[in-house]
Amino acid sequence: MSDDAAAVTRAALYLRRSTEEHQADSVEAQRELGRRFADARGLTVVAEHVDTASGAEWAPERRPGLYRLLASARAGELDVVVVRDDSRIGRDMLRAPLLLQDLADAGVEVLSYATGERLAVDTSTARLITTIRAYAAETERAAIASRTRDALDRKSTRLNSSHTV
């Protein structure tokens with residue numbers, strides 16, 4: 001192996017547009033910003049993994065990109081995962097930190113292009129911060145779902161009342 005090949009840091013982008021997000025370009029924006037972040041740090045993007053499920057979804061059939069990412073990490077194919085922020089990993093305060101631990105156990109760092117931070121679970125303080133952030137993301141997911149349900153209920157009520165004779 002040449003010195004150049006040894007210096008390559010292999011990165012994967014993990015892009016997720018949740019069902020609560022209505023921006024059609026969300027994944028494309030994440031891709032562009034993630035690639036720009038990787039390029040600026042000399043990372044070589046070797047894969048992109050994309051999901052369009054809610055951050056509360058963890059079943060492999062709902063988030064196949066996440067499970068392909070984890071398989072690639074465990075197979076030693078990656079050094080770094082680039083995400084917009086920790087909510088892209090998931091909005092579940094139990095599972096998201098465990099996934100970060102699984103990636104760390106595979107020797108893979110997770111970097112946020114939005115903050116430039118490494119999403120770490122290597123110390124008790126880092127685990128606490130990660131769990132608090134995951135709690136905040138889970139709480140926001142619940143609030144988004146509640147606002148969506150309320151808006152649909154109001155719309156349904158307006159439609160039903162306009163059709164009353």
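Q: Which residues are linked with Arg31 in a network of salt bridges?

A: Glu28, Arg35 and Glu48 join Arg31 in that network. The model is predicted, so local features need pLDDT of at least 70, side-chain atom pairs count only at pLDDT 80 or more, and totals for chains, interfaces and linings use all residues. Residues are numbered from 1 along each chain as its sequence is written, and side-chain values use heavy atoms, leaving out hydrogens and water.

Q: What makes Arg31 and Glu48 a salt bridge?

A: The closest N and O atoms of the pair are 2.6 Å apart. A salt bridge needs a side-chain nitrogen of Lys or Arg within 4 Å of a carboxyl oxygen of Asp or Glu. The distance of 2.6 Å meets that cut-off, therefore the pair counts.

Q: Which parts of the chain does the pair of Arg31 and Glu48 tie together?

A: Arg31 belongs to helix 2 (residues 26–40) and Glu48 to strand 2 (residues 43–51), so the bridge ties together parts that are 17 residues apart in sequence. Helices (H or I, at least four residues) and strands (E, at least two) are DSSP runs, numbered from the N terminus.

Q: Why is Glu48 called partly exposed?

A: Its relative accessibility is 27%. Buried means under 20% relative accessible area, exposed over 50%, and partly exposed in between (1.4 Å probe, protein chains only). A value of 27% falls in the middle class, so Glu48 is partly exposed.

Q: Which side chains does Arg118 meet in salt bridges?

A: Glu109 is one of them, at 3.7 Å from N to O. Asp122 is another, at 3.0 Å from N to O. Arg118 is partly exposed at 40% relative accessible area, and Glu109 is partly exposed at 37%.

Q: How many salt bridges does a search of the whole structure find?

A: The search finds twelve.

Q: How do you know that Leu119 is buried?

A: Leu119 has a relative accessible area of 9%. That is under the cut-off for buried, so the label holds. Leu119 sits in the loop between strand 4 (109–112) and helix 6 (124–162).

Q: What is Leu119 in contact with, leaving aside neighbours within four places in sequence?

A: Contact means heavy atoms within 4.5 Å. The partners of Leu119 are Val83, Asp85, Asp86, Leu100, Val110, Ser112 and Arg133.

Q: Why is His49 called buried?

A: His49 has a relative accessible area of 6%. This is under the limit for buried, so His49 qualifies. The residue is found in strand 2. Apart from neighbours within four places in sequence, the contacts of His49 include Tyr14, Leu15, Gly65 and Leu69.

Q: Why do the buried residues of helix 3 line one face?

A: Helix 3 (residues 64–74) buries Gly65, Leu66, Leu69, Leu70, Ser72 and Ala73. Seen down the axis, they fall within an arc of 160 degrees, so they line one face. The arc is that of the directions from the helix axis to the C-beta atoms. Their cover includes strand 1 (9–16), strand 2, strand 3 (80–83) and helix 5. Gly76 follows helix 3 and has a positive phi, near 80 degrees.

Q: What puts the buried residues of helix 5 on the same side?

A: Ala96, Pro97, Leu99, Leu100 and Leu103 are buried in helix 5 (residues 95–105). They cover an arc of only 155 degrees around the axis, which puts them on the same side. On the other side, Leu98 and Asp105 are exposed. Gly107 follows helix 5, with a positive phi near 80 degrees.

Q: Which residues form a nonpolar patch on the surface?

A: Met93, Leu94 and Tyr135 do, with about 320 Å² of accessible area together. Patches are made of residues with over 30% relative accessible area and no salt bridge; like charges are joined within 9 Å, nonpolar side chains (Val, Leu, Ile, Met, Phe, Trp, Tyr) within 5 Å. Areas come from the Shrake-Rupley method with a 1.4 Å probe; for residues, only the protein chains shown count as cover.

Q: Why is Leu94 called exposed?

A: Leu94 has a relative accessible area of 60%. Leu94 lies in the loop between helix 4 (86–89) and helix 5.

Q: How many helices and strands does the protein chain have?

A: There are six helices and four strands. From the N terminus, the order is α-β-α-β-α-β-α-α-β-α. Of the 165 residues, 36% count as buried.
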